[in-house]
Amino acid sequence: MPELPEVEVVRRGLERWVSGRTVAEVQVLHPRAVRRHLGGAEDFAARLTGRTTSVARRRGKYLWLPFEDGAESVLAHLGMSGQLLVQPHSAPDEKHLRVRMRFADDTGTELRFVDQRTFGGLSLHDTVPGAADGLPDAIAHIALDPLDPAFDEAAFHTALRRRRTTVKRALLDQSLISGVGNIYADEALWRSRLHYDRPTATLTRPRSAELLGHVREVMTAALAVGGTSFDSLYVNVNGESGYFERSLDAYGRENEPCRRCGTPMRRRPWMNRSSYFCPRCQRPPRPAAVPPLSVRMPS
């Protein structure tokens, strides 16, 4: 699934090409694409028509388009294969086109939601009261992401220590820190020389600060080249792929030499995913010592 850098690339495209435009018509071509909108396809199209979009926003992996009236926002969930494309009206329809949004101007472009596997979708939600960015109430529980200026590092460290879990599980917990997925978790852990099963309770404040710094570094580097694209399913609004997969140090590099020490990288099944790591640089945690059983001698 797209992670923070990929979603931010899409958000920037929407800000440039869609924000500030008035919706003239919405066509829902597959009802599953708006299944999260409780009112259904007709209600979704009717409530968008005539409204003017504001600046596209993002929190972690979640993307939304607020309206200038501030009351509601369109939340976009890209899923495994969802794409938001800005296309000329004359461009042929994509095979898996699900929603089309046309605008009341003479720019000649429209917004299309394309989704091959139909795991993603669009939905309309009320804005959290007082939220200046139009945050949809459906994702109010999602934590800030590490690139947000308001991200609280001290609170992150405290929460990390209290979770009583392992470090990769914590990085993927979107209520703790948003935007990090399997790829960038493996990359940040490799840079930090931390094994994915390291207990969070063992991380000191300097160690968690170092890890957070590497999370930010790898995401910033990915953003600079348009994110990570392993296939044609992730593209920006112009249909272009990102190139960060060429710079990955851990993810997808099973049996290739570690770029730091030369040891062959390993892959292990992990929570229906895979974890990639260097067995030398990222040594697994030692098993906790089991206290011996006390034996009561007969009197």
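Two strands are taken to pair if DSSP finds at least two bridges between them. Helices (H or I, at least four residues) and strands (E, at least two) are DSSP runs, numbered from the N terminus. The model is predicted: local features need pLDDT of at least 70, side-chain atom pairs count only at pLDDT 80 or more, and totals for chains, interfaces and linings use all residues. Residues are numbered from 1 along each chain as its sequence is written, and side-chain values use heavy atoms, with hydrogens and water left out.

The chain holds 6 helices and 10 strands. Of its 299 residues, 49% count as buried. Buried means under 20% relative accessible area, exposed over 50%, and partly exposed in between (1.4 Å probe, protein chains only). Contact means heavy atoms within 4.5 Å. Among contacts between residues at least 6 apart in sequence, 64% join residues at least 24 apart.

Strands E1 and E6 (residues 97-103) run antiparallel and are joined by 5 bridges. Within this pair, Val23 stands opposite Phe103 of E6. Strands of a sheet pair through backbone hydrogen bonds, either parallel or antiparallel.

Strands E2, E3 and E4 are linked in turn. E2 (57-59) and E3 (62-66) run antiparallel and share 3 bridges. They form a hairpin with 2 residues between them, and Gly60 in the turn has a positive phi of about 60°. Strand E3 is also joined to E4 by 4 bridges, again antiparallel. In the hairpin of E3 and E4, 5 residues lie between the strands, and Gly70 takes a positive phi near 80°. Leu63 of E3 takes part in both pairings: Arg58 stands opposite Leu63, and Ala76 is the bridge partner of Leu63 in E4. E3 is mostly covered, with 4 of its 5 residues buried.

Ser73 is found in E4 (residues 72-77). Why does Ser73 count as buried? Its relative accessible area is 0%, and buried means under 20%. A polar atom of the Ser73 side chain lies 2.7 Å from the backbone oxygen of Gly134. A polar contact is a pair of N or O atoms within 3.5 Å; within protein, one must be able to donate a hydrogen and the other to accept it, and residues adjacent in sequence count only if both atoms are side-chain atoms. Leaving aside neighbours within four places in sequence, Ser73 is in contact with residues including Trp64, Leu65, Pro66, His125 and Pro136.

A cavity is a set of points where a 1.4 Å probe fits but cannot get out. A pocket is an open set with protein on both sides within 12 Å along at least five of seven lines. Lining residues have an atom within 4 Å of a point. Grid points are joined across faces, edges and corners, and a volume is the space filled by probe spheres set on the points. The count comes to 2 cavities of 30 Å³ or more. The largest cavity has a volume of about 80 Å³. Its lining includes Leu14, Leu63, Trp64, Val74, Ala76 and Met101. E3 gives the most to this lining, with 3 residues.

The second largest pocket has a volume of about 200 Å³. Of its 14 lining residues, the closest to the centre are Arg57, Arg58, Arg59, Asp145 and Asp148. The largest share of the lining, 3 residues, comes from E2.

Helix H5 (residues 182-192) is mostly covered, with 10 of its 11 residues buried. Among them are Ile183, Tyr184, Leu189 and Trp190. The buried residues of H5 pack against helices H1 (4-17), H4 (167-171) and H6 (205-224), and against strands E9 (266-270) and E10 (273-277). Arg193 follows H5 and has a positive phi, near 60°.

How values were computed. On a 1 Å grid over the protein atoms alone, a cavity is a set of points where a 1.4 Å probe fits but cannot get out, and a pocket is an open set with protein on both sides within 12 Å along at least five of seven lines; lining residues have an atom within 4 Å of a point.
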